Amino acid sequence: MIANYGYKDGSGDFFITIDTDKCDGCGACVPACPGRVFVVGEDPNDPLREEPVAMVSEEQRKKLKYTCAPCKPDHDRPPLPCVVACPPGAIGHSW
Amino acid sequence: MSEKKEYWRWKEYRWHDESLDWHDAEIISAGVDIGSVSSQAVVMLDGRLYAYSNQRTGYDSPESARKAIDWAMEGTGLTLDRIHYTVGTGYGRVNVPFADKAITEIACHARGGNFMYGPTVRTILDMGGQDCKAIRCDERGKVEAFLMNDKCAAGTGRGMEVFADLLSIPIEKVGELSLSVEEEPEPVSSTCVIFAKSEASALLREGWPKNKVLAAYCAAMAHRVVTLLERIEVKKDFAITGGIAKNSGVVKRLEQELGLESLKSRYDPQIAGAVGAALFAQVLETKRRKG
């Protein structure tokens, strides 16, 4: 499943995408993110899945533009720590 | 002071299938969808739709849940203690005291959409009271991709209610009236409900007739959700759930912009979430009995 967490408002699209077929719930993204965006647990959108999965925490979903800003400078943007930390490459950003 | 008419107010109602008898059912399951604006309860007998209700959510979610299920069961003789498994969904899903489990509305809409529109449905757009969800699912109603926007009221039922009130047009008539324009106007430029409303007021001052203003707003709403849908890749067949599915002005414009017709169901599009919840309840009760 391609899970899009985030929002679209007047200033743009701010979605973090997690491919739950790739995610094995290892949890490497949780400490890697300085903004504490990720949590790992039971998939709320797939109640019959047994394996845990990563998702964006409830409290971060509506402020990703601001929480993620420190990792996204205008120039010379380094690779995003969450994307680098994910072994199966399940995490993506829309902006 | 004269009493102000509530043009936004839509009809609340209930239904049950008189050809079915709940005494014959092995598993009685229920789904309760407590949305931000409306609440629905659905009762199923061995996976067959038996009864439902649809009403406005009050300020107290547990009470809204209780009222919704009681109203669905009204006149059937069925009581809450005879329901084997109940799943709560929607914003107030954790506030359904009699629910055995809470499941997100994303999963429930996919499952319910599959039941209501058939296994060919791949893309479901739920235009709810205060949010908008785009869901892609497989032939069994399992979610393949989803996106939800609940930070912005553009493209939501509440936004349409605001417009019905502004123009003194009963909410059920908005769609039809917006389609009565001879020529399609430019959509309003703001999709934000607050700014769209002030933009509409300005157009009215310029002398625009009501139907033209509504057409401009319905078009803006349709365009707005199409940009959301693009992110999850729209696939055939396509269906719309939620209250806005009853607004032909938005539905027709959406279909035109997507180049796709939306499937219609003989059931109320607002109950999709509760239907999905009741179907999950059926599966979970079966699992529970097997141990």
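Trainee: At roughly what angle do the axes of helix 5 and helix 6 of chain B cross, and are the two helices roughly parallel or antiparallel?
Mentor: This is a predicted model. In it, the axes of helix 5 (residues 193–205) and helix 6 (residues 210–232) of chain B come within 10 Å and cross at roughly 155°. Angles over 145 degrees count as roughly antiparallel. Helix 5 of chain B is therefore, relative to helix 6 of chain B, roughly antiparallel.

Trainee: Which residue classes make up the contact of helix 5 of chain B with helix 6 of chain B?
Mentor: From helix 5 of chain B come Ala196(B), Ala200(B), Leu203(B) and Leu204(B), which meet Val213(B), Tyr217(B) and Ala220(B) in helix 6 of chain B. The helices pass each other in a right-handed crossing. By class, the contact has no polar and no charged residues, and 7 that are nonpolar.

Trainee: How are helix 2 and helix 8 of chain B oriented to each other?
Mentor: The axes of helix 2 and helix 8 of chain B come within 6 Å, and they cross at roughly 95°. The range from 65 to 115 degrees counts as roughly perpendicular. The orientation of helix 2 of chain B to helix 8 of chain B is therefore roughly perpendicular.

Trainee: How many nonpolar, polar and charged residues are in the contact of helix 2 with helix 8 of chain B?
Mentor: Helix 2 of chain B contributes residues including Cys108(B), Arg111(B), Phe115(B) and Met116(B). On the side of helix 8 of chain B, Val275(B), Leu279(B) and Phe280(B) are among them. The division is 10 nonpolar, 5 polar and 2 charged.

Trainee: Which strands does helix 8 of chain B lie across, and at about what angle does it run to strand 2?
Mentor: Helix 8 (residues 272–290) of chain B lies across strands 2, 3, 4, 5 and 6 of chain B. Those strands belong to an open sheet of 6 strands with mixed pairing, in the order 1-4-3-2-5-6. To strand 2 (28–34) of chain B, helix 8 of chain B runs at about 140°.

Trainee: In that sheet, what is the bridge partner of His16(B) in strand 4 of chain B?
Mentor: Strand 1 (13–16) of chain B is an edge strand, as is strand 6 (101–102) of chain B, and each pairs on one side only. Strand 1 of chain B is joined by 4 bridges to strand 4 (residues 48–56) of chain B, and the two run antiparallel. The bridge partner of His16(B) in strand 4 of chain B is Ala51(B).

Trainee: Which helix gives the most to the side of domain 1 of chain B that touches domain 2?
Mentor: Chain B is divided into domain 1 (13–112 + 271–290) and domain 2 (120–265), with C-alpha centres 27 Å apart. The contact takes 10 residues from domain 1 and 17 residues from domain 2. On the domain 1 side these are 5 nonpolar, 4 polar and 1 charged. With 5 residues, the element giving the most to that side is helix 2 (residues 105–117) of chain B.

Trainee: Which element of chain A gives the most to the side that touches chain B?
Mentor: The contact between the chains takes 14 residues from chain A and 16 residues from chain B. On the chain A side, 7 are nonpolar, 3 polar and 4 charged. The element that gives the most there, with 6 residues, is strand 1 (residues 2–9) of chain A.

Trainee: Which residue in strand 9 of chain B stands opposite Asn4(A)?
Mentor: An open sheet of 8 strands has the order 5(A)-2(A)-1(A)-9(B)-8(B)-7(B)-10(B)-11(B). In it, 3 bridges join strand 1 of chain A to strand 9 (residues 143–149) of chain B, and these strands run parallel. Opposite Asn4(A) stands Leu147(B).

Trainee: What is omega of the cis peptide bond that joins Lys236(B) and Asp237(B)?
Mentor: Asp237(B) has its place in the loop between helix 6 and strand 10 (238–241) of chain B. For the cis bond joining Lys236(B) to Asp237(B), omega is about -15°.

Conventions: Residues numbered from 1 in each chain as written. Chains lettered and ligands numbered in written order. Predicted model: local features only at pLDDT ≥ 70, side-chain atom pairs only at ≥ 80, totals over all residues. Domains from an automatic or database assignment. Contact = placed C-beta atoms within 7 Å. Nonpolar A, V, L, I, M, F, W, Y, C, P; charged D, E, K, R; others polar. Pairing = 2+ DSSP bridges. Axes fitted to C-alpha atoms, helices over the stretch in contact; angles between N-to-C directions. Parallel < 35°, antiparallel > 145°, perpendicular 65-115°, else oblique. Left-handed = near helix turned anticlockwise from the far one by under 90°.
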